[in-house]
Amino acid sequence: MSNPWNTRPPRPPGSPPERRRPPRAQEDHRPAHAAVPREERAAGASRSELRMYGLNAVHAVFARRPEAIRKVYLLESRIPALKPLLAWCVKQRVGYRVVEEGDLDRLAASTHHEGVVADVVKAEPVPMGDWLRALPAGQPLAALWLDGVGNPHNFGAILRSAAHFGVAGILLPRDSTLALSGAAARVAEGGAEQVPLVRMGQADNAAAQLRNAGFSLAATLARGGDDLFAAALPQRMVYVMGAEGEGMDARLAEACDLRLSIPGSGAVESLNVAAATAVFLAQWKQRL
């Protein structure tokens, strides 16, 4: 049955063509719920994009790289917290959709999305040479060389500590497959946007470049190194952090300028790599 309120009288012959208004961008801050298409749930972001989730992670991308945002999904309850982002999406014609909790669970492949998911263009690691040239001259700096770290939650926690202590960069070996994931970005609580990822070349060449820039390399060992709390720490420092299980490569540890350990009670074997990173960075910061 037709709707009588939508019925228009016929136009007289010879009248000019009707001019229709162009469709307006959606400005309603409470758009209707829409189910996420099945293919969108399955495919996820493209290879050049990262499906990011977590309120602080999405806020950080919007603050530093808004142009990287490609699509946003959110719960209706998150509209007030994300109002500036949604207004920007309307202005820039970036799609956003209010969905149900189960849709976000599937989109993020996690229940820890905090009510928002965003498809974001990946920030690729910068070459070491470019990173070194951009560093401020004559200032104390710390960087982290991640030798085999692979767990995304540890990586996220490391990024969070790195951002908190003002680390200049996260250095990734040439053949490392470590990359930012949605889980790591959420755990980092916005820290992933604060600290650049840097791609190194061959390990010996990278070490030489770092030393030429005034950095000392410190191997971080579960045991057998100098007491971190008693050691003299240089103003320009690269902490080399080993893998979660087997620790750092022995040859790389020998090639470092310092070998440091965190003294403890001995009740447990060691701290995990993310917790140890926070301790090492805090001690360097305290010595400045």
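## Burial and cysteines

A residue is termed buried when its relative accessible area is under 20%, exposed when over 50%, and partly exposed in between, using a 1.4 Å probe and protein chains only. Cysteine 89 is buried because its relative accessibility is 0%. Cysteine 256, at 5% relative accessibility, is likewise counted as buried. Of the 288 residues in the protein, 42% are buried.

The structure contains zero disulfides, a disulfide being a pair of cysteine sulfur atoms within 2.5 Å.

## Basis of the model

This is a predicted model, in which local features need pLDDT of at least 70 and side-chain atom pairs count only at pLDDT 80 or more, whereas totals for chains, interfaces and linings use all residues. Residues are numbered from 1 along each chain as its sequence is written, and side-chain values use heavy atoms, with hydrogens and water left out.

## Overall composition

The protein comprises 10 helices and 12 strands. These elements are DSSP runs numbered from the N terminus: helices are H or I with at least four residues, and strands are E with at least two. Among contacts (heavy atoms within 4.5 Å) with a separation of 6 or more, 79% join residues 24 or more positions apart.

## The four-stranded sheet

Four strands form an open sheet in the order E1-E4-E2-E3, with mixed pairing; two strands pair if DSSP finds at least two bridges between them. Strand E1 (49-53) and strand E3 (95-98) are the edge strands, each pairing on one side only. From one strand to the next, the twist averages 15°.

Strand E2 (residues 69-74) runs parallel to E3 and is joined to E3 by four bridges. Across this pairing, tyrosine 73 stands opposite arginine 97 in E3. Helix H4 (residues 101-108) lies across E1, E2 and strand E4 (116-121), at about 35° to E4. Axes are lines fitted to C-alpha atoms, for helices over the stretch in contact, and angles run from 0 to 180 degrees between N-to-C directions.

## The largest pocket

A pocket is defined on a 1 Å grid over the protein atoms alone, as an open set of points where a 1.4 Å probe fits, with protein on both sides within 12 Å along at least five of seven lines; lining residues have an atom within 4 Å of a point. The largest pocket has a volume of about 670 Å³, this being the space filled by probe spheres set on the points, which are joined across faces, edges and corners.

The lining of the largest pocket consists of 29 residues, with Leu221, Ala222, Arg223, Ser270 and Leu271 nearest its centre. Strand E11 (236-242), helix H9 (250-255) and helix H10 (273-287) are the elements that give two or more residues to this lining. H10 provides the largest share, three residues.
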